[in-house]
Amino acid sequence: MDLTTPAVVPTSVQPPSVDLLASGLDSLLTTSDLPAASSSNTGLLGDIFGFTPTPVSYSPPKQLWLPSENGKGLEIMGTFSRKNGQISMDMTLKNKAMQPMSGFAIQLNKNSFGLTPARPLQVLNPLLPTASYETSLALATTGLVQRMEPITNLQVAIKNNIDVLYYACIIPMNVFFIEDGQMDKRVFLKTWKDIPAENEVHSL
């Protein structure tokens, strides 16, 4: 009698291929009880204390954009911010020249995100020697688009009664993001389904 245990041959079971972009999402897209994204962004503290905080986007500290040596006496410190959906260029202009400055205007070159001034630049007129002025320039994204290198580079021209001055600065990416960071689930599922099949990557 042969008591030898027969060898067990391992078999590899391949998981079935699932197309996430096919009709599998249809039931989710048509489900009537799919919860909508919550409009509340209070978190635990909001629930405890009963208040609704306003989402605030991070604003980096101001940097030296235009040294007075390059600006013929005009120094510009600046940063970018986003508040209530509005992108702004926040600047401090300081007159280090020996004469008053006036007639300020600003222009942005074509850039990756179409940033353009939403209204004229407001600066104290005249800006006397040793004086400084803080201003916030509202920006829109309706300008001409041209890919920059790096992609967040922004070229600026600012004019006054002395000359036209040029400088470049970097736009922080976070100013283009909405403050609450939420996306409706229905929008997400529809966007996911619209991804072309050739962009889908399968991995085992």
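A quick word on the source, everyone. This is a predicted model, where local features need pLDDT of at least 70 and side-chain atom pairs count only at pLDDT 80 or more, while totals for chains, interfaces and linings use all residues. Residues are numbered from 1 along each chain as its sequence is written, and side-chain values use heavy atoms, leaving out hydrogens and water.

Now the fold. We have three helices and eight strands, running α-α-β-β-β-β-β-β-β-β-α from the N terminus; these are DSSP runs, numbered from the N terminus (helices H or I, at least four residues; strands E, at least two). Of the 204 residues, 28% are buried, that is, under 20% relative accessible area, with exposed over 50% and partly exposed in between (1.4 Å probe, protein chains only).

Let me show you Arg 82, in strand S2 (residues 74-83). Is Arg 82 buried or exposed? Arg 82 counts as buried, because its relative accessibility is 11%. A polar atom of its side chain lies 2.8 Å from the backbone oxygen of Val 175, and one lies 3.1 Å from the backbone oxygen of Phe 177.

Finally, please look at helix H3 (residues 185-193), where we find Phe 188. Phe 188 counts as partly exposed, because its relative accessibility is 41%. Thanks, everyone!

Technical notes. Polar contact = N/O pair within 3.5 Å; in protein donor to acceptor, adjacent residues only side chain to side chain.
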